[in-house]
Amino acid sequence: MKFDPLKEALKIKEEIIAWRRDFHMHPELAFEEERTSKIVEEHLRDWGYKIKRVGTGIIADIGEGDKIIALRADMDALPIQEENDVPYKSQVPGKMHACGHDAHTAMLLGAAKIISEHSEELNNKVRLIFQPAEEIGNGALKMIEGGALEGVAAIFGIHVWAELESGIVGVRDGPFLAGVGRFLAKIIGKGGHGAAPQYAIDPIPAAADAVLGLQRIVAREIDPLESAVVTVGRIQGGSAFNVIPESVEIEGTFRFFSNELGDFIKSRIEEIIENTARAHRCKAEIKTEILGPPTINNREMVDFVREVAEEIGLKVGEVRKTLGGEDFAFYLQKVPGAFIALGIRNEKKGIIYPHHHPRFDVDEDVLPLGTALEVALAFRF
Ligand code: NI
């Protein structure tokens, strides 16, 4: 690199912030990112990128060479009512960028501009992936189906990170975010009068036992040094104090850091619900599915990120694993790469709320750092 990426990014800091605020004021939910993607596409065309549309997603290439390095940003918002009182507050009732994907889009747009200005210095081709629908977990799959990874040698993505102090680049070898599973079960008995249980088959105690049984998967069957979660998030049954209902529904999620463990938990959930129901003379209908794999970073790529970040003057630290999920995992199943956290927590500015919180916000001073890191990764690869 004959230029300083951090200096270049700081030069366009106000522009990056303006983009972020514009996206923040106009949040769009999964697969509805029409406005956002239109703005992104117009800029990319102006800067000379070759564009391929995948619905509301964009694949944009620049440079020459055999190897392709890919950089990814997600663009979707959440169905949350914003409670921040800021000039750039969401203008759409019930929708908010509460995970920072507005920042991701703006940072990568900033990187796109700088990369295009220096494209003759690139050693390889660079591909920018602006993807829809991270929050519902299959935007990445749609982009992969649309050819986003064709010819790609490595992929990187940045997520602003509320748990980390502002400006810290958080890296982690191996598993970083969890795989996500979901289950839905209906325990079916026989309804009747609350005063005559002998003529009914009560699904409520069966459901209660099943919920307790599910808690023992993590507590009693998984290596205590591993991390996993089984949460029942919904239990529903009955309509009156003196009526035994016909059925009870149980719904929940499970999280894991290896595919084997995900399969194990899935099958144990099925066995426990089915057999607990049978012990109570009930029947069970169970649906379980794994929505996404764990996000597993490649060690070599993480070392590369650490090296490049330090080289351009950024502070690098370790980021903790989280049982949250991230569809970047689908890219990492196919090509080596790293998902990178960028700290945005700033107590002085009151930026202390977690992701998906109605008062979540981003320390905007961090945005040019993310842009600079993306540019540096593209040129140093
Ligand atoms: Ni997110």
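Predicted model: local features only at pLDDT ≥ 70, side-chain atom pairs only at ≥ 80, totals over all residues.

Colleague: How many helices and strands does the protein chain have?

Modeller: The protein chain has 10 helices and 16 strands. Both are DSSP runs numbered from the N terminus: helices are H or I with at least four residues, strands are E with at least two. The C-alpha trace spans about 80 × 40 × 40 Å along its principal axes.

Colleague: What makes Cys-99, His-101 and His-159 donors of the nickel ion?

Modeller: Donors are N, O and S atoms within 2.8 Å of the metal (3.2 Å for Na, K and Ca). Cys-99 (SG), His-101 (NE2) and His-159 (NE2) lie 2.1 to 2.3 Å from the nickel ion, so they count as its protein donors. Water is not among the atoms, so sites may look incomplete.

Colleague: Where in the chain do Cys-99 and His-159 lie?

Modeller: The donor spacing in sequence is C-x1-H-x57-H. Cys-99 is in the loop between β3 (68–74) and α4 (101–117), while His-159 is in strand β5 (residues 152–165), 60 residues apart, and the pair links distant parts of the chain.

Colleague: Are Cys-99 and His-159 called buried or exposed, and why?

Modeller: Buried means under 20% relative accessible area, exposed over 50%, and partly exposed in between (1.4 Å probe, protein chains only). Cys-99 has 8% relative accessibility, so Cys-99 counts as buried. His-159 has a relative accessible area of 3%, so His-159 is buried as well. Of the 381 residues of the protein chain, 55% count as buried.

Colleague: Why is Asp-66 put in its class of accessibility?

Modeller: Asp-66 has 78% relative accessibility, so Asp-66 counts as exposed. Asp-66 is in the loop between β2 (57–62) and β3. From Asp-66 to Gly-189 there are 123 residues in sequence and 62 Å in space, C-alpha to C-alpha.

Colleague: What about Phe-241: buried or exposed?

Modeller: Because its relative accessibility is 82%, Phe-241 counts as exposed. The loop between β10 (229–237) and β11 (243–244) holds Phe-241. Phe-241 and Gly-194 are 47 residues apart in sequence and 7.6 Å apart in space, C-alpha to C-alpha.

Colleague: What is noted about the phi of Ala-133 and of Arg-281?

Modeller: Ala-133 has a positive phi of about 55° although it is not a glycine, and Arg-281 has a positive phi of about 65°, also without being a glycine. Ala-133 is in the loop between β4 (125–131) and α5 (139–145); at 0% relative accessibility, Ala-133 counts as buried. Arg-281 is in the loop between α7 (259–279) and β13 (283–292); at 60% relative accessibility, Arg-281 counts as exposed.

Colleague: How do you know how α2 is oriented to α3?

Modeller: Helix α2 (residues 13–25) and helix α3 (residues 34–46) pack at an angle of about 155°, with axes 10 Å apart. That makes α2 roughly antiparallel to α3. Angles under 35 degrees count as roughly parallel, over 145 as roughly antiparallel, 65 to 115 as roughly perpendicular and the rest as oblique. Axes are lines fitted to C-alpha atoms, for helices over the stretch in contact, and angles run from 0 to 180 degrees between N-to-C directions.

Colleague: Which word describes α6 and α7, and why?

Modeller: Helix α6 (residues 203–221) and α7 pack at an angle of about 150°, with axes 9 Å apart. That makes α6 roughly antiparallel to α7.

Colleague: Why is the packing of α4 and α10 given another word?

Modeller: α4 and helix α10 (residues 367–380) pack at an angle of about 50°, with axes 8 Å apart. The two helices α4 and α10 are therefore oblique to each other.

Terms used
Residues numbered from 1 in each chain as written. Heavy atoms only, no water.
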